[in-house]
Amino acid sequence: MSTDTETRRRTVSDNSDIQEPPRDHGEVRGCAAAKGHLPGSCCDRVCMEPSCSETPECLLNLPCSLHSCSSFTTKHKGHSTHVTDGVWEEVPSKTTISAENEVEAQKLANNYKFGFRKWKSHVTERPFEDRSEIVKELYSELNMIKPNTGSLITCGNVLYVFLFGWWISLVYLFIGLLMFITIIGIPHGQLCFRLSCYFLWPFGKAIEKVSGSLSSFSVMLHNDDLLENPDEGKVTSPLLLPTPVENNVVEQCRPPEQHYWKQVNTYVWLSLGYPLLVVAHCVLGLLSWLLVFTIPVAKMSARTLRTILLMPPEQVHISSGRREEEGKAILCCYHALNVYYYKYTVDGINVFAVNLLPLVVISMVIGYVDQGNQVVSSEVKFATAIGSIIPLSYYIGMGIASISAQSNFAVGAVVNATFGSITELTFYITALLRGHRQDSKCLEEIVKSALTGTLLGCILFIPGICMIIGGLKHREQRFNSRSAGVSSSLLFISIGGVFAPTLFSKAYGNLVCEDCTNSSGSNSSNGTFNCKNCHYDLSENNYSLFHSHIEPLVYTVSVLLPASYIIGLLFTLKTHSHIYDIHIGDSHASGHLDAVVHWSRWRALLILIIATVLMSVCADLTTEHIQPILNHPGISQYFIGVTVLAMVPEIPEIVNGIQFALQNNISLSLEVGSCIAVQVCMIQIPILIVFNAFYDVGFVLIFSDLHLWASIFSVIVVNYIFMDGKSDYFQGTALVVVYLILLALYFFAPSPTGC
């Protein structure tokens, strides 16, 4: 994606009657673009006056500084100014998006829309020829012999020897001895000995297939050396080529490969040696794949199983892979580790999400099979269940982005509003139901802590960590302060609406204290009392306050917050869309018209439904086995809610925000957190209130003082940071430090009432 943002300021003389002709707001091209100036040339200062654009200097592509124009536009990184005499006037910015195809461009445009989930990964297949050489190397088949590879003694290759090389080499050595004992399997035993040396240090070596007879080998030399004379640089005479009779003789001399499958030693190998190597290579491939950065080892293991071990032993030739020219082999690996494999995808899904997906099955098996915790403890079940939420959140995000990119605005908005909050809502409702069945207020307080923790993480931590990482790479980053102001205003409305019942209860509630003792030591009701655990009576037993005042206020807020969300959608996407002013460029029109999507709309919808069902199962397991964690004496229940339960489902969003920041698109990084925080307040909490109205689970929209003041303070801090439209690692550090201070408050805070 490439963006071109331009801000124009226009001045008009107070004494002049001349008015500048109106321009289309979407126009950003000056005479440099119209007349063919190269980007980054002296004509970065482009003429904007129509009269000036037709001067001979502009037509000759001369620098605009030589023009006798009364006004010009100076382009900067992210903004430019248009100067004449008089008053300054600012025109909103424009962002132009370019992508490989229309579907991808629509996905990128959705990232800038309010209420739409921000998604970094591609939803369509990228043309392989357009990928970088680093990415192409990730998808290589490990069959290319390269002339210059540098030193092979690297940390990754040495690590391979300590992790995998020594034991897989011993396995081949053992199986080779086993095949020698059978006598008939000596050829395969010799192959195992050669492969034992190979897998101990496979780097720089090539496994090639050679023919079984001398005659066929000589023809191979003829085909390589006699077709072209290297001394004269021209094709040799056809008379020197082998005649058709020679070719027939060669084919007769070479034994066909099907004879290999009719020999007895082949079946001895397939029944005795090959199965053991299948187990060894499966373990090797699984371990190296799960480590992600050692995926080349997994590819090497898979190719060995599929091809090399099923070939006749006499056709397997191991040679040095260092040659002066490139070539092909069956297997040739130079490096066991590549740090760029975090970019590797399988059917559009990141490899980390693919590797974590089996965790969902594991958590369900140990959760429902071992009901009595005889094999696995509750702590392990809780960890696996909460960890399985991460890949499911990723799949839900991918499904939402795929449907939105292939649908119109209305469908995209509905999908984002419903499935965008399904991860958190599934956990919240499951926890409330379990707490209601157990007649315990503890899980309700955990849900409130998770809601507050999501707000704090999205307001402070996600923007802060993105500013730090982006600032370290790009020094200083700029963003659209006006669009950030819209998000900040919605955050103020959201926080004010969510905590309005809490403020109301603090003003009019009755203070109730427990564990009171008379300081004089008497049992008299007079005198001074020392009390502990003082709080406002906010229970439903206080009918006059709760049912007559607080409950109607909660229902009013649950209506006003979604209405504000809808108004925000109309404001930013319809009536005032120029605040974002997103334009899809026509760069994708010249090629790649037929976009190949990873997931079609129906497939994405099916995956969304399946992921939602699995999410509810994992949420049920999480709430079932969370009690031992809550009973831990050294950790506050508040801290569990605001950290683990709040931020684990948002890990895919954090990764998206960091990737946007690394691409110098800090605007989207900030919108990631703001979008989630607004959805928590304006969609998730009203849904919980409506759910409680139809099925009373005891959820009351009244938060503790710590939740109240932490949220208000966070919104004030982040709005102060967003004022100047710039970000750097220092501002990000300030946000992260504030977040950590609040976490320290929660860590040392007493456990909530009912836990």
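Visitor: What makes helix H14 count as largely enclosed by the rest of the structure?
Guide: In this predicted model, 25 of the 28 residues of H14 are buried, so the helix is largely enclosed by the rest of the structure. Buried here means under 20% relative accessible area.

Visitor: How do you know that the length of H14 agrees with its number of residues?
Guide: Helix H14 covers residues 378-405. At 1.5 Å a residue, its 28 residues should span 40 Å, and the C-alpha atoms at its ends are 41 Å apart, which agrees.

Visitor: Why is the pair of Trp119 and Tyr394 called tilted?
Guide: The ring centres of Trp119 and Tyr394 are 5.1 Å apart, and rings pair if their centres lie within 6.5 Å.

Visitor: Are Trp119 and Tyr394 buried or exposed, and how do you know?
Guide: Trp119 has 1% relative accessibility, so it counts as buried. Tyr394 has 11%, so it counts as buried too. The cut-off is under 20%.

Visitor: Why is the pair of Tyr341 and Tyr344 called tilted?
Guide: The ring centres of Tyr341 and Tyr344 are 5.5 Å apart and the planes stand at 50 degrees, so this pair is tilted. Both Tyr341 and Tyr344 are buried. The count of aromatic pairs comes to 21.

Visitor: How do you know that Cys458 is in no disulfide?
Guide: The nearest cysteine sulfur to that of Cys458 belongs to Cys675, 9.1 Å away. A disulfide needs sulfur atoms within 2.5 Å, so Cys458 is in none. A search of the whole structure finds zero disulfides.

Visitor: Why are Cys458 and Cys618 called buried?
Guide: Cys458 is at 1% relative accessibility and therefore counts as buried. Cys618, at 0%, counts as buried as well.

Visitor: Which residues touch the most other members of the largest nonpolar core?
Guide: They are Leu451, Ile459, Leu645, Phe699 and Phe722, in a core of 117 residues. Leaving aside neighbours within four places in sequence, Leu645 is in contact with residues including Phe382, Ile386, Phe427 and Ile640. Another core lies apart, with 39 residues, among them Leu152 and Trp167.

Notes
Residues numbered from 1 in each chain as written. Predicted model: local features only at pLDDT ≥ 70, side-chain atom pairs only at ≥ 80, totals over all residues. Heavy atoms only, no water. Core = buried A, V, L, I, M, F, W, Y, C linked by side-chain atoms within 4.5 Å. Buried < 20%, exposed > 50% of the residue type's maximum accessible area, 1.4 Å probe, protein only. Contact = heavy atoms within 4.5 Å. Helix = DSSP H or I, 4+ residues; strand = E, 2+ residues; numbered from the N terminus. Expected span 1.5 Å × (residues − 1). Phe/Tyr/Trp six-rings, centres within 6.5 Å; stacked < 30°, edge-to-face > 60°.
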